Amino acid sequence: MNPRTPAAVGPHYKWVALSNTTLGVLIAAMDASIVIISLPAIFRGIGLDPLAPGNISYLLWMILGYLLVSAVLVVVLGRLGDMFGRVRIYNLGFLVFACASVALSLDPFRGGAGALWLILWRVVQAFGGSMLTANSAAILTDAFPAGQRGTALGINQITALAGQFLGLLAGGLLATVDWRAVFWVSVPISVGGTIWSYLSLRETAPGRRGRMDWPGNLTFAAGAGILLAAITYGIQPYGGDATGWGNPWVLAGLVGGCCLLLLFCFVETRPQALGFARAGGTPTAEPMFHLALFRVRAFAAGNVAVLLTAIARGGLQFMLIIWLQGIWLPLHGYDFEDTPLWAGIFMLPLTMGFLLAGPVSGHLSDRFGARLFSTTGLLLVAGSFIGLLALPVDFAYGPFAALLLISGFGQGMFSAPNTSSIMGSVPPEYRGVASGMRSTFQNSGTALSIGVFFSLMISGLASSLPSALSDGLRAHGVPAATAQHAASLPPVSTLFATFLGDNPVQHLLGPSGTLDRLSGAQRQALTGHTFFPELVSGPFHHGLTIVFGVAAAMALVSAVASALRGGHRLPVEGARRPDPLSGNTPTGPSLDEQGSR
């Protein structure tokens, strides 16, 4: 292996690194969520009905394609940063992200071809974004001393999490101007960030070249990709079932993905067993996913908490959007077409909580340790889920906003200290792969949350929505056969119509011409602000109880994992301890991160 010589930098370089990497993770996180709110405008712009039979896949892949690529590739790109330079891979990520942003805004096609163009370039954009997120935490850990690392990582990581919710607001605002503006906004930021990063960032940590672990990379990418894709298709109806979990292809994907991931673990721990060896005959010495890092208690506990919290947070984000857009905002007089924008605005207390708690808790964790702040934050998150369970469907906004603020505050308290603890618990030469592993757990949790919570919600709706919808339609003059047909459609269609800010009744009855044959009063009642929200409030609350109950349980398990990370010890600059991957005391740069344990 050839060592990489670190570059000499001035005392202010760490702030340059912080500002640039924070910009990078902000734009990457915003673009992961910015299309969620703006999807109605995007599909109208390319002339495609995403809820028409056969088109739901376009909708799902527009949302999930970015998340799947991020979950699968981020650890690989973190490892490449360790091997070839974190700044080099990070800079390349900014460049790829900028090119993809330009291509997205110039979509020349319409219909299915236009959707495929957007999905393809969203995947490329996710590849660039993964380069940014995989290496940003490692760059900051290299640049900042142990006593300031929590503050820096707090600002960086909370900006990334806040970016997910700011993306919702930005998508709603920009979609009212032009659907291409959703992608235009990334162009100047990513181009400027690319130029700035190439001019200002330097490799400040020693590195060593290694061999690419192709067996590990292939088995992990294939296993994780197939598993997450199967979960994506499990949300869609199959045959007469509300979901696709009985689809043989989905079952094969779930089983095959899990088997490949088990094979991946075997390859990473027993590479010689399958004959994967270097040219000289020795086993692979540079595994992609350093499973031995899980011997470090702070690393293992922190990543378990990251995964479960990401699943719970993703469920919260999507359920809040449906709750606000499908029920609460229409009940309070907002047109369905305007609900995506206002949903983003009414969810701002969640972002405010992130921004208030993250940097402060990161700074304090440098002095008092990560366990107290991370565990307390997760308990606040669990409490906020329980509080949301107690609210009626048509809630008063004050208590709702307070619970969102508490949830954001708790997630902010957890994220920054937890990231500092994870990154500070590993040797410096493994910070890139450690950052990638942490991001993999976080991104995988977000992707899993969609499958888990959408399935729970669809199952809850399937048991009670059809009868309620059929009775309600017939009571307003809809013929029995038409009402029965509308009620028999898969709940996922109604759920996604709500998610997109469509009037679900208009979507169900408009194509058949039924609305045109009703009286003006009946038509106004069915397509007004109150009919569908009042009709669905009972079934929705049943599903919401299941979703938030599961999320609260996940937050509590995360709190237990966080509490088990170990006690706090003050930073000891220059201290060395055995490398968890080899058991040998490092002879290179000292491990000065004991304060994060």
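## About the model

Residues are numbered from 1 along each chain as its sequence is written, and side-chain values use heavy atoms, leaving out hydrogens and water. In this predicted model, local features need pLDDT of at least 70 and side-chain atom pairs count only at pLDDT 80 or more, while totals for chains, interfaces and linings use all residues.

The protein has a mean pLDDT (the predictor's confidence in each residue, from 0 to 100) of 80, and 87% of its residues reach 70 or more. Over residues 568-577 the pLDDT is below 50, and this stretch has 39 contacts (heavy atoms within 4.5 Å) beyond near neighbours in sequence. Residues 585-597 also have pLDDT below 50, with 55 contacts beyond near neighbours in sequence.

## Two packed helices

Let's look at H1 and H10. Helix H1 covers residues 13-45 and helix H10 covers residues 297-331; helices here are DSSP runs (H or I, at least four residues), numbered from the N terminus. Their axes, lines fitted to C-alpha atoms over the stretch in contact, are 12 Å apart, at an angle of about 20°. H1 and H10 are therefore roughly parallel (angles under 35 degrees) to each other.

On the H1 side, Ser33, Ile36 and Ile37 meet Gln317, Phe318, Ile321 and Gln325 of H10. The residues of this contact divide into four nonpolar, three polar and no charged.

## A buried asparagine

Asn135 lies in helix H4, residues 111-143. Asn135 has a relative accessible area of 0%, so this residue is buried (under 20%). Not counting residues up to four places away in sequence, Asn135 touches Leu77, Gly78, Gly81, Arg86, Ile89, Tyr90 and Ser435.

Technical notes
Axes fitted to C-alpha atoms, helices over the stretch in contact; angles between N-to-C directions. Parallel < 35°, antiparallel > 145°, perpendicular 65-115°, else oblique. Nonpolar A, V, L, I, M, F, W, Y, C, P; charged D, E, K, R; others polar. Buried < 20%, exposed > 50% of the residue type's maximum accessible area, 1.4 Å probe, protein only.
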